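Please look at the sequence and the structure before reading on.

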Amino acid sequence: MMNIISIRIVTADVNSLVTFYEKITGLSAIQYTPDFAELKTELATLAIGSTNTLKFFGGHEVAKAAQNRSAIIEFKSLNVDEDYERLRDFIQPYLVQEPTIMPWGNKSLLLRDPDGNLINFFTPVIQEAIKKFDGAKFNR
């Protein structure tokens, strides 16, 4: 059996993304080197690696910074409306969609990070969605 441990974003500007993710999540990053940092939650880690790290994975062509248009980085929140109010001014340039209830029962706030990666803060709000995540840890 496998468990997802982390998602890594490749970027040309580690400091910009670290600052952004620290602000929106309230988490403190661990910056191991100028080229690599992690934001750890209880369930998974968001890793941020510079394009310089690609040489360890076969060269600069294995991944491209700021090119993602297919994945969504999701954070479960205690209250997405409160997150929106707390971050409203900061996220204005990055906002995709204000908190909206999705057909599957989550209230979602969508934004993009400075590299254009799509982010979803969500709170389960209908019984089926709440039950699905019952017992899962929340992160703010």
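Does T123 count as buried or exposed? T123 counts as buried because its relative accessibility is 9%, where buried means under 20% relative accessible area, exposed over 50% and partly exposed in between (1.4 Å probe, protein chains only). This is a predicted model, in which local features need pLDDT of at least 70 and side-chain atom pairs count only at pLDDT 80 or more, while totals for chains, interfaces and linings use all residues. Residues are numbered from 1 along each chain as its sequence is written, and side-chain values use heavy atoms, with hydrogens and water left out.

**The sheet and its helix**

An open sheet with mixed pairing is formed by four strands, in the order β1-β4-β3-β2. Strands (E, at least two residues) and helices (H or I, at least four) are DSSP runs numbered from the N terminus, and two strands pair if DSSP finds at least two bridges between them. At the edges, β1 and β2 each pair on one side only.

| Element | Residues |
|---|---|
| β1 | 6–11 |
| β2 | 30–33 |
| β3 | 36–40 |
| β4 | 45–50 |

Strands β3 and β4 run antiparallel and are joined by five bridges. F36 has G49 in β4 as its bridge partner. Helix α1 (residues 14–25) packs on the sheet and touches β1, β2, β3 and β4; contact means heavy atoms within 4.5 Å.

**Around T123**

T123 is placed in strand β8 (residues 118–124). A polar atom of the T123 side chain lies 2.9 Å from the backbone oxygen of S77. Leaving aside residues up to four places away in sequence, T123 touches S77, L78, N79, V80, G105, N106 and K107.

Technical notes:
Axes fitted to C-alpha atoms, helices over the stretch in contact; angles between N-to-C directions. Polar contact = N/O pair within 3.5 Å; in protein donor to acceptor, adjacent residues only side chain to side chain.
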